[in-house]
Amino acid sequence: MRTLLILLALSTASEPAPTQTPPVPPPAQARVPVPIPSEAAMRYYRSGVVLWFVGQAWLVFVPAVVLGTGLSARMRTLARKIGRSWFFTVGIFGVLYVALDGLLTMPLAYYAGYVRPHEYGLASAEYDLWQWLADEFKSLGVTASLAFVLLWLPALAIERLPRLWPFAVALGYVPIAFTLMFLAPLIVDPLFNSFGPMKDKALEARIVALADRAGIDGGQIFEIDKSKQTNTVNAYVKGFLGSKRIVLWDTLLKKLDDRQVLFVMGHEMGHYVLGHVVRTLLISTLGVLLLCLFLQTAGNALIGRYRHRWGFDRLSDPAALPLLLLLGNLFLVATSPIGMAYSRYQEHEADRFALELTHDNFAGASGFAALQRENLSNPRPGLLSKLWRSTHPPLGERIEFCNEYHPWETRGPLRYGSLFR
Ligand SMILES: [Zn+2]
């Protein structure tokens, strides 16, 4: 066997080096096999499943402890002492709770967000403990500010409309969510990374031409310096109206070739043109309504039973916030397969959009193979993992779809052909 290898090596070495002709790019319909995941990728996947269970349990455990020990009621009394008025009591309680939860969750966040990515080589080498801590405190600051500014709205609805508040909250959710969606890329995201125009102008010109064909006028494209935090690759669409943009991580631009980047952009343009962000928000309004109806029924029943132990007797008491969070997290775990299935559907349609726009099956499939390698993904997660944790179709399915979907070859109908220019 070894001799054979040496012979093979010698025979390839003796061939004339093809320095004159540049390598021929693979044709658009060249098939890409689903890569076999590395041993590290499988370890990362399995430990990720365990971490997911721990994370879910923690989301219920923390509010349960704060409730059961009567700490919540004592925090409300303290918030009232500092805030005096109802409005400030609610806001200050929210800030205190976010701070306490952040502190209790810090060890888990440290392992999941710092130790683990470094262990697997997924974090950038320059992303040190101080930078991680800075990011962590910034996001805690954002959450605490949001709690202070917004919490009084549902609290007021629960107080004034004890029966109808789930409907009021679901109605109020729509304008607030749209406002946050508009502001997030302008105010929050720049706290963590800098956003700039694409550096590769030739590639940018090709992307702009592709966007024009996809029917996008004046879309904004940003390059973001994610390499300071991570080695993984990604891109996303975010924002609303004037703040709507496609964002490319610089790591993706470094590790994917131009054809693969164009395919990824085609996918993001799919989300953009098909209005996925807005659709998700509108559909989630129904989820918010169901969640609130559940919180109302279960919350009132539990308060009826445990009010002496917990130290409050109404759902509108700020001290009931941990109860709402506990029940809310249970509701989300129970219903997340629905949201995940919808998300996977949108991602699949964005893949279809990219294929119909670029006709470059090879770029899509090989791009996903690169994504699998760089992000240590398992191309074929187990069924339960897919149902509960996968916002995207498994990479194995995405690669196979890229290999197989080319109706333009046989002049078949395109689903999104009418949208292209
Ligand atoms: Zn997507």
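Predicted model: local features only at pLDDT ≥ 70, side-chain atom pairs only at ≥ 80, totals over all residues.
I started with the largest nonpolar core: of its 44 residues, Ile207, Leu248, Val261, Met265, Met269 and Phe353 touch the most other members. A nonpolar core here is a set of buried Ala, Val, Leu, Ile, Met, Phe, Trp, Tyr and Cys residues joined through side-chain atoms within 4.5 Å. Buried means under 20% relative accessible area, with a 1.4 Å probe and protein chains only.

Residues are numbered from 1 along each chain as its sequence is written, and side-chain values use heavy atoms, leaving out hydrogens and water.

Next I looked up Met269. Skipping neighbours within four places in sequence, I found methionine 269 in contact (heavy atoms within 4.5 Å) with Ile207, Leu210, Ala211, Ala214, Ile216, Ile246, Phe353 and Leu357. Another core, of 23 residues, lies apart from the largest one and includes Ile303, Phe312, Ala319 and Ala320.

Then I checked Ser72. Serine 72 sits in helix H3, residues 71-83 (helices are DSSP runs of H or I, at least four residues, numbered from the N terminus). Serine 72 is buried, at 0% relative accessible area. Again ignoring neighbours within four places in sequence, serine 72 is in contact with Val66, Leu67, Phe93, Ala319 and Pro322.

Last, a helix pair. H11 (residues 276-310) and H12 (residues 321-358) pack at about 165°, axes 7 Å apart; axes are lines fitted to C-alpha atoms over the stretch in contact, and angles run from 0 to 180 degrees between N-to-C directions. So I have H11 and H12 down as roughly antiparallel, a label for angles over 145 degrees.

Technical notes
Helix = DSSP H or I, 4+ residues; strand = E, 2+ residues; numbered from the N terminus. Parallel < 35°, antiparallel > 145°, perpendicular 65-115°, else oblique. Buried < 20%, exposed > 50% of the residue type's maximum accessible area, 1.4 Å probe, protein only.
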